[in-house]
Amino acid sequence: MTWSDPDPGVGVFAVDSVDRLLRPFARVRLAHLPTPLDELRRLTRATDGPRLFMKRDDCTGLALGGNKARKLEFYFGQAQQQGADTVLITGAVQSNYVRMAAAAAAGLGMECHIQLEDRVADMDEVYRRSGNVLLNRILGASIHSYPQGEDEAGADRRLEEIAGELRSEGKRPYIIYLSADRPPLGALGYVNAAAEILSQLEEQRLVMDHIVIASGSSLSHSGLLVGLRVLGSRIPVTGVCVRRNATLQSERVGHCTRALENLLNLERAVVVPEDIRVYDKTFAPGYGRLNVAVIEAIRLLGGTEGILLDPVYTGKSMAGLLAMIRAKQFEKTRSVLFVHTGGTPALFAYESGLLQP
Ligand SMILES: Cc1ncc(COP(=O)(O)O)c(C=O)c1O
């Protein structure tokens, strides 16, 4: 079913009314939008499965692009509304989020404190200094470290302590929290992306049968899902697990979609339990860890389409899509859209793993 022909009772808003939906939220324009939606003809031929398309959210701009640009528009909007002059954020050592927050802060004349969590054990020296870490330094961020990687509440508490110290120096800090207990402001960026995708499908006269996206904090996945449903589209969305297994990730998506429905003040839920689809067969051995399928996916996209994926998110989510194609989960007559969420700077940090024969 196409978006312009919504299920009765499901389509609640017209696509252009997404502006009305997002109007209550302060927003700073950071991303280059709309990002392209392109067909991947050579990859389709190479995989001999459904017709493949890519939403190029690696092209959002903001110091080398990625999904976080869309999310940061709303956090920095709120920060500026609150009169903040300093932003604090936490993430893995090779986090794209913190790199892009550092870029946004620099461009808006704000100070940025980033906290790097030790989330991936036993990584080499290149991982600790190249890729996003190098970019954070160039972007002028103050860097802090946090010794754990699986303690979202603890990482947030540490940010609050740093914010307290900054306040005592006369600064006005704003924290971008990691924990799922906070309102999912960043997911609004992917409600907007859903509207953008639906408009592009209409312009290009395409019908998409499935969308595949990396699912980590799940704010992109959840925002996209709520956005599509609120706009009347029933396109199924599969989130490929990059951070935790399928059981935990579906709980997270369920929690975030409900929190987003509340944030948007919807009269009723638009996401039903069957909408929450996650895939974790390409997740092992864990967050930020390469596997053979990821390396193959990165090389395949580079070699067939000239498109760079990343080792942590899009390499893994593309590996998931390729595995689903091989398992014949999509008929050849169908069309599938892969959301490229960015992350390419981390390629340089994973040099030793990626160059393995
Ligand atoms: C490049 C990239 N893709 C995907 C994701 C996952 O997005 P989300 O955290 O919204 O699930 C991230 C988040 O860290 C990312 O940096």
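**View 1. Strands β7 and β8 side by side.** β7 and β8 run parallel and are joined by five bridges; strands count as paired here once DSSP finds at least two bridges between them. Strands (E, at least two residues) and helices (H or I, at least four) are DSSP runs, numbered from the N terminus. This is a predicted model, so keep the ground rules in mind: local features need pLDDT of at least 70, side-chain atom pairs count only at pLDDT 80 or more, and totals for chains, interfaces and linings use all residues. Residues are numbered from 1 along each chain as its sequence is written. To find your place in the pair, look for S215, which sits opposite C241 of β8. Right-handed means that, with the strands pointing away from the viewer, the path from the first strand over the helix to the second runs clockwise.

View 2. β8 covers residues 237–241, and five of its five residues are buried, meaning 20 or more other C-beta atoms lie within 10 Å of a residue's own, with C-beta atoms placed from the backbone. V237, G239 and C241 are on one face, T238 and V240 on the other. Strand β9 (residues 277–279) pairs with β8 in parallel over three bridges, and Y279 is the bridge partner of V240. With helix α10 (residues 246–263), these two strands form a right-handed β-α-β unit.

**View 3. The shell around the ligand.** The ligand lies between domain 1 (15–65 + 184–354) and domain 2 (68–176), because both give residues to its shell. The domain bounds come from an automatic or database assignment. There are 18 residues around the ligand, and G216, S217, Y313, T341 and G343 come nearest; a residue is near if its C-beta atom, placed from the backbone, lies within 6 Å. α9 gives the largest share, three residues, while α4 (96–107) and β7 (210–215) each supply at least two. By class, the shell has 12 polar, four nonpolar and two charged residues. Ala, Val, Leu, Ile, Met, Phe, Trp, Tyr, Cys and Pro count as nonpolar, Asp, Glu, Lys and Arg as charged, and the others, Gly among them, as polar.

**View 4. Where the two domains touch.** The C-alpha centres of domain 1 and domain 2 are 23 Å apart. Here 33 residues of domain 1 contact 30 of domain 2, a contact being two C-beta atoms, placed from the backbone, within 7 Å. On the domain 1 side, α8 gives the largest share, five residues.

Key. Buried ≥ 20, exposed ≤ 12 C-beta atoms within 10 Å, placed from the backbone.
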